[in-house]
Amino acid sequence: MKIRDIVNRDIVNLTNCEHEPIHIPGSIQPHGFLIAIDSSTLQITFCSQNVTEFIGLTPAEILSEHISKILPPDLCSRLSNIATNSTAGHPIRSEIRGHNFSCHIHRSAENIIIEAEPELDESVPLADIYDQTSRFLSYMNQTSTLQELCDMVARETRQITGYDRVMIYRFDSDYNGEIISEALRDDLEPFLGLHYPHTDIPVQARQLYLKNLLRIISDINYTPVPIYTIDNNQNTNLDLSHSVLRSTSPIHVQYLQNMGVGATLTISLIHQGRLWGLIACHHYSPKIIKPEIRLAAQLQGHFITSQIDVRQSNEEYKVSLASNAALEKLTAIELGAEQHDFNKLLASDAILTLCNAAGAAIIFNGHIYKRGMTPSDEGLLTLATAISSISENSSFHTEKLQDYLPEYGDLCKQVAGVLYHSLAPEGPNSIMWFRPETLNEVHWAGDPSKAIIKDKNGLSPRNSFDLWKEIVQCVSKPWLAPELNAAANYANLLQKHATFLVLSLEETKYRQLSEILKETNSELENINWISTHDLQEPLRKMQLISSRILMKEKETMSDKVIESLNRINSSASRMQKLLIDILKYTRINHAANFSEAVSLNSVMDSVLLDIDDVINDKEVQISVAQLPVIRAVPFLVKQVFLNLILNSVKYAKDTEPPVIKITAEKQMGTSGEDIDVIIFEDNGIGFDPQFATSIFNIFSRLHSQGEYSGSGVGLALCKKIMQAHGGRITAEALPNEGATFRLFFPANIPA
């Protein structure tokens with residue numbers, strides 16, 4: 001049988017440490033040994049090279065063997081308990097081939113992994129561990145803040161574990177870390193308050209801290225022990241995410257060596273499913289502690305995470321009281337139907353106390369109301385428009401506005417932090433609170449931009465941990481949860497009032513428009529009366545006088561004078577016809593409610609009778625099919641038919657007599673209703689398709705008055721009549737190929 005190791009030798013040749021596969025190193029630390037078995041057959045599939053020094057058997061002797069060859073019966077029987085669980089819980093003490101071990105058992109995919117560490121000679125009575133834990137619980141009740149609790153955990157963890165330095169390491173939202181508590185040997189330099197960039201603990205390392213809550217490195221300078229498997233084994237990797245012996249990333253080992261650390265213990269602090277921080281224990285020489293002590297230290301971490309919400313709530317309680325008191329004051333202010341009542345809000349100190357802001361502003365319908373430290377009016381409008389786009393007209397807050405709107409960097413000295421709530425579904429209407437810049441001096445453990453250095457050998461961590469200072473600019477104090485909640489509650493009330501104001505303003509505007517419309521309609525009726533009566537009388541006199549002069553004085557007048565008088569007569573006639581057409585156009589809406597059953601063939605007969613002279617004179621050929629009976633206003637429909645036929649006659653070709661074909665068909669509308677379509681087709685001069693819509697505009701003409709006479713009202717009149725009947729009219733044509741007009745009448749117009 002041929003065996004081989006599964007060491008991941010590419011692990012240190014990466015170009016990006018954030019992709020380092022640290023969960024499958026293929027090796028372990030040497031203070032214990034590892035065996036992996038197939039969960040279904042219980043045959044050994046993997047084992048570490050150092051099994052020989054612990055149990056006297058080589059990897060070649062145990063691979064593919066049943067686990068009972070190594071483990072005692074009582075331990076073998078426990079393996080069935082984790083057939084479906086990832087871990088068996090606490091370490092199990094067991095004698096293996098004459099030696100006492102603490103065994104950690106967990107499941108990894110199809111394998112059950114057994115890690116055994118030899119029992120340490122030092123004896124720590126469990127009673128002492130219990131007493132110290134009980135004492136800590138009593139001390140914990142004496143602390144009121146999260147900071148006090150973390151300080152106590154650091155002291156007690158150092159006492160129970162004996163490490164030279166114990167730190168409580170807290171992550172920010174970007175996973176940069178800060179040492180917030182520390183207990184250390186008197187001769188060591190303190191790290192309290194130092195910051196570490198997120199690259200010190202990359203993404204995949206943080207993911208493993210979520211899975212494996214306790215990690216120990218007994219000797220930083222250890223030589224990794226390779227894991228072996230059968231050469232034909234298809235499982236080339238072994239996931240050691242939950243392993244206590246898993247070999248550490250070479251980059252992390254070098255990082256710790258650069259710090260002068262000899263051994264570490266790391267405990268994950270998990271809050272609401274997120275890695276909140278770490279308890280990081282450092283020793284400056286090799287150190288290993290018993291599993292019982294590790295668990296006691298891990299329990300200290302649980303004390304912190306179980307108290308985070310409670311302690312933060314205590315710290316925020318005073319803030320919440322002040323915010324709620326301000327909220328009550330603001331809600332007590334009565335706002336009327338005038339938008340300038342917003343000045344009442346801005347006059348109250350509570351508008352700023354509500355969320356501990358330095359300035360506040362309300363933007364509503366183009367008006368700006370503000371107080372305290374705010375941008376200029378122009379800057380406020382620009383800012384509100386930009387944030388409404390970012391937040392999609394919802395809510396938004398940040399302590400570093402420059403991250404979202406770098407183009408407004410000049411504002412950061414004045415308003416670095418913004419809390420925004422929209423007051424309308426769209427537009428800049430909003431309420432905003434502002435906070436100024438708070439300059440902070442951050443102490444980094446070395447230059448954060450050089451956390452990882454790339455050289456000819458690949459990646460390596462920085463060598464220098466000298467204090468590196470950074471002045472953080474354009475950042476305000478963060479908005480606390482009680483402040484955000486109070487602002488959101490009041491913004492919700494204000495949004496309702498803003499909606500009420502909008503409705504009130506719209507109602508006032510519509511009432512004013514209604515009055516204006518009444519006055520305008522009255523004026524139009526007066527103009528209509530003037531155009532149909534007062535204006536026609538001078539036209540009739542003009543025609544009468546010019547006609548009399550032509551009759552009596554024609555013999556004595558020159559041709560030029562006669563031509564001028566004829567032009568006066570012609571212009572007066574056109575003007576009179578235009579006034580008559582305008583009168584018809586304005587009366588349509590008043591007649592549209594008087595519909596009745598109308599036979600369109602009867603209407604057509606009446607039209608043809610009226611224009612019999614025109615038909616004979618122009619030799620017009622008209623064919624009329626069977627037309628439907630519809631509900632309509634008879635004289636209006638007659639006007640449409642008359643206009644369309646005369647339009648076809650007017651725009652006939654000079655080379656051939658006019659031919660007009662009138663047919664009907666049924667169609668189904670978009671909503672499934674029946675529609676009667678009347679079609680007028682002619683063989684006239686047609687028109688360019690681009691004018692198919694504009695020809696229905698009033699006074700629209702495609703030709704000059706000299707070419708074709710007319711007022712430009714006829715087709716507009718047809719369109720308005722069709723609209724009054726709930727229908728429509730369309731036109732299709734090509735130059736010199738005739739035109740087709742379609743009238744669409746609803747088949748069942750209510751009476």
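Me: In which helix is Asn643 found?
Reply: This is a predicted model, where local features need pLDDT of at least 70, side-chain atom pairs count only at pLDDT 80 or more, and totals for chains, interfaces and linings use all residues. Numbering starts from 1 along each chain as its sequence is written, and side-chain values use heavy atoms, without hydrogens and water. Helices are DSSP runs (H or I, at least four residues), as are strands (E, at least two), numbered from the N terminus. The run of residues 634-650 includes Asn643 and is helix α17.

Me: Is Asn643 buried or exposed?
Reply: Buried means under 20% relative accessible area, exposed over 50%, partly exposed in between (1.4 Å probe, protein chains only). Asn643 has 16% relative accessibility, so Asn643 counts as buried.

Me: Which residues does Asn643 touch, not counting those up to four places away in sequence?
Reply: Contact means heavy atoms within 4.5 Å. By that rule Asn643 touches Gly714, Leu717 and Cys718.

Me: At roughly what angle do the axes of α17 and α18 cross?
Reply: Helix α18 covers residues 714-724, and its axis comes within 9 Å of that of α17. Axes are lines fitted to C-alpha atoms, for helices over the stretch in contact, with angles from 0 to 180 degrees between N-to-C directions. The crossing angle is roughly 145°.

Me: How many bridges join strand β8 to β14?
Reply: Strand β8 (residues 165-171) is largely enclosed by the rest of the structure, because six of its seven residues are buried. Two strands pair if DSSP finds at least two bridges between them. β8 and β14 (residues 274-283) run antiparallel, and the number of bridges joining them is six.
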